[in-house]
Amino acid sequence: MSPVIGVVAPRILAPAVMLAAGLIVKGYSDTGEGFSAGVIVALAIGLRYITLGRRRADRTLAVARHANVVAAAGLLIALGFGFQGVLSGAPPFTHLPPPGSPVIGIGTLELTTAVGFDVGLFLLVAGSLTVLIRYLTELLPDPADDPGDER
Amino acid sequence: MASAASAIAAVLFVALLAAWAAGGGSVSLPWAPTLGIRLELSLDGFAILYALLATGIGFLVFVYGSGYLPAHLGHQRRPASDARRFWPWMVVFMAAMVGLAMALDLVLLFVLFDITAVASYFLIGFDRQRAEARGAAFMALLVTAGSAVAMLLGAVLLYSEYGTFSLPVLFERAHPTPVTTAAAALIAVAALAKSAQVPLHFWLPRAMEAPTPVSAYLHSAAMVAAGVLVLGRIHPLLALDPAVLDALLLIGFASIAVGGLIALAQDELKQVLAHSTISQYGYVVVLYGIGGAHGAVAAALYVVAHAIAKSALFMTAGAVTEATGESRLSRLGGLARELPVVAVASGIAAASLAALPLTLGFFKDELFFEAAAEESPLVGALAVVAAGLTFAYLGRFWLGAFMGRRRTPASRISPLLVAPIVVLAVVSIIGGLFVEPFARLAAGAGAVTVGAPVDASPGYHLDLGLANVMAAAAWTLGIVILLATSVREPVARAVAAAGDRLGPRRVYGLGLLAFERLSEAAHRAEVRDLRTSLAAVLVPGAVLAALGFFATPTEGAYAVGPISAADLPIVALLALGVVAAFTAARDRGRLRPVLALSVLGASLAGVYAVMGAPDVALVAVVIETVVTLVFVTVFSQLPATVMGRAGPAAPSPHRIRNVAAGIVAGVTAFGVIWTALSRPPLGSSDAAQDIQLTPLAHGADVVTVILADFRGLDTMVEITVLAVAVLGVASLLRREREP
């Protein structure tokens, strides 16, 4: 493993999550949305799994072990925001608050149903890709077992 | 879990009785208002009869099952926890039956109809380690759920004609037209397949692979009853055209004959009963074919009496097999001494089915004979023959198991396997002595079927009334058939053999085989090698895009204009992309083509960014990174051989085809990219509208607003597909790990 990767791989996740959060928060008024954000986080997680091996990565990143739960929760959140209108008789994907009314904002983040849907999308994409990463890296030999790799 | 299921059934039964005593009731809620579908349920006279049957017999069968299932699992050395795959489906089935009984909306009827089919699939295939059980479950699903599509077609036809799915409204508006007749006939086809009527009867005998409680419930009182339930429910639509009713008569008598004759030839206990069910529901279909008040009441009483007796007989078959380990009549006999209670109780049930006096069944035949004789002398005569046949095969069944020489010794069996049979026998006797409550139930159901109050007064008339003479004739005929062994057996065997050789079951088998070959051929053509797999995606995509070009007026749209200075970055990026594409296609190395692909993707992402599509560029960069990472990781695990050293690869035998596919895909892709890069004017397209509406949706980024809002439903479906795909890949990888 090159020293650059050895340094970068364990540290890239936090910036990646920050970037993803930025993409979602700003996404509705600027470039980017939940899908890209999810893939970016999954990429950082993937880098960690490939460099550390499945076992060690699992130990350092407990939440990845429950990626399937995250993905399912994301799907449910997306479904919930998508179909909330149906409960009150409106068509699915009715935008709330309705067009023209003011939106509550926390800084740049605007609380609309579409943003909620985007958050669900993000969790689903990040979660499902992490599930795949964990399965695939299990097929790889564990770098920790490789004597030539450790110094 | 078994006791929970039984408790649910018992509570439902009592609740239904209480609701009925309180005067019934109905619910009508909008379900899918834009499609005119309502959640319309009504506990009327017709519903209560079938709902009480489903829950009452359900309760007894569940009690029986709580004794049967542990032993069944024990015989097959399966863990007791497998019962978890059994009871929920039984309860789902019961709930669907109760809903079906009360449904007044055609689409609702269809949905519940299909839920019963799905539940029956899992129940019939409960012994999933046996290929026969799986095949039987698949056949039952294919025949009953496949023909249920006819019901949906009929419902849509009626909707297009009268603008409603609601049955009460349809009854008011419907008048005889060819479309109405076609729709009614289509719905009847689905119902007849469910009730295992000729020629779609063949799934029922095979469904005997199911554990006995399933047969005792589904194949006596529930699944097969769902078919005639629908016939009774939509009867006013069927009665609009006499030809439909005549067809029902014909199919009913054909089923009575086929089922009855083959039942005489069967050796397996449950096979006798399965063919008997085909035959007995033939009676009900005949009665609905006769129609009118008499036919409707007789049909309702027939369903009740048959369900009670038949489920008792199925449970008897299970109990006998459990006690002796034998399921064939030729190996059984003389069990009356060892299983006296079962013998008496099942004797009463068989007597009720054969319509002997002092049982509830006597009245079902009384009403049947009256309705048949009223229709025409020919139908009356056929009715007598049918009843004689029934008498004969039931006699053969009961005498064969309980009388004569003892062939296999019996061991003790759990009282849970006996008590339900006794209860059903007692109900049959009570019905034979006090028929009034049952007659009232049947009259209530008949009144709903014909849409007018009817009265029915079955009772014992000690005179030479027509029904009594017909009954006596039927018994005599039955005894003659029973005694004439030397004539009966060859005839019955010949019919059964002819059915095997020429019957619809063979058509089903050949059809299934043909579909499998077709699917196999298509599969082989697609995944023969990597190139065909790619072509299967690229060529159809290219053809669709090309069709789009031909359909769009493109006159003068593709002009080669001058290149402005602002376009230079695009040109440079595209040139890089072209070089990378050539490298990826021609380089024989392993890692170089992958990196070249990555460069190609990055250069295209750059083009998007320069063109003013930063969202697309972002996604492209992210995805390119994932793909490269996966490639590099996988290649790092491949064995270390160098592709380039293996010498030139043998020329592919499909070279011309490969080149053609490449050209088709390449040319259309070229056209599409040209279109995008020439920045067509927005005009009044959907895109222009979306851009205009974006501020209203509290957004500024059109692409994100389209994804998460305007086309949110599309995104929803896409991410659901993504989740399902991940699930599929995950289960594939998980299997990989297991030895």
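In the predicted model, helix α2 (45-75) of chain B and helix α14 (residues 292-324) of chain B pack at an angle of about 10°, their axes lying 11 Å apart. Because angles under 35 degrees count as roughly parallel, α2(B) and α14(B) are described as roughly parallel to each other. On the side of α2(B), the contact is made by Leu49(B), Tyr50(B), Leu53(B), Ile57(B), Val61(B), Tyr64(B), Tyr68(B), Ala71(B) and His75(B), while α14(B) contributes Ala300(B), Val303(B), Val304(B), Ala307(B), Ile308(B), Ser311(B), Met315(B), Gly318(B), Ala319(B) and Glu322(B). Sorted by class, the residues of this contact comprise 15 nonpolar, three polar and one charged.

A second pair of helices within chain B is formed by α4 (residues 106-124) and α10 (residues 223-233), whose axes come within 10 Å and cross at roughly 165°. Since angles over 145 degrees count as roughly antiparallel, α4(B) and α10(B) are placed in that class, and the crossing in which α4(B) passes α10(B) is left-handed. The residues that meet here are Leu109(B), Phe113(B), Thr116(B) and Ser120(B) from α4(B), together with Met223(B), Ala226(B), Gly227(B) and Val230(B) from α10(B). Five of the residues in this contact are nonpolar and three are polar, and no charged residue takes part. Elsewhere in chain B, the loop between α7 (178-194) and α8 (203-206) contains Pro199(B), and the peptide bond that leads from Val198(B) to Pro199(B) is cis, with omega near 5°.

The two chains, A and B, also meet each other, in a contact that takes 36 residues from chain B and 44 residues from chain A. The area buried between them is about 3,400 Å², and carbon and sulfur atoms give 78% of that area. Within the area that chain B buries against chain A, His698(B), Met716(B) and Leu733(B) supply 18%, which is more than any other three residues. The number of salt bridges between chain B and chain A is zero.

Helix packing is also found between the chains, where α3 (residues 34-52) of chain A and α26 (residues 614-637) of chain B pack at an angle of about 25°, with 10 Å between their axes. The two helices, α3(A) and α26(B), are therefore roughly parallel to each other, and α3(A) passes α26(B) in a left-handed crossing. In this contact, Phe35(A), Ser36(A), Val39(A), Ile40(A), Leu43(A) and Ile50(A) of α3(A) meet Leu618(B), Val619(B), Val622(B), Ile623(B), Thr625(B), Val626(B), Leu629(B) and Thr633(B) of α26(B). The contact of α3(A) with α26(B) has eleven nonpolar and three polar residues, and no charged ones.

Although the count of salt bridges between chain B and chain A is zero, a search of the whole structure finds 19 of them over all chains. One of these joins Glu138(A) to Arg54(A), with the closest N and O atoms 2.2 Å apart. Glu138(A) belongs to helix α6 (residues 113-139) of chain A, whereas Arg54(A) belongs to helix α4 (residues 54-60) of chain A, so the pair ties together parts that are 84 residues apart in sequence.

Methods: Residues numbered from 1 in each chain as written. Chains lettered and ligands numbered in written order. Predicted model: local features only at pLDDT ≥ 70, side-chain atom pairs only at ≥ 80, totals over all residues. Heavy atoms only, no water. Axes fitted to C-alpha atoms, helices over the stretch in contact; angles between N-to-C directions. Helix = DSSP H or I, 4+ residues; strand = E, 2+ residues; numbered from the N terminus. Parallel < 35°, antiparallel > 145°, perpendicular 65-115°, else oblique. Left-handed = near helix turned anticlockwise from the far one by under 90°. Contact = heavy atoms within 4.5 Å. Nonpolar A, V, L, I, M, F, W, Y, C, P; charged D, E, K, R; others polar. Buried area = accessible area lost by both parts, 1.4 Å probe. Salt bridge = Lys/Arg side-chain N within 4 Å of Asp/Glu carboxyl O.
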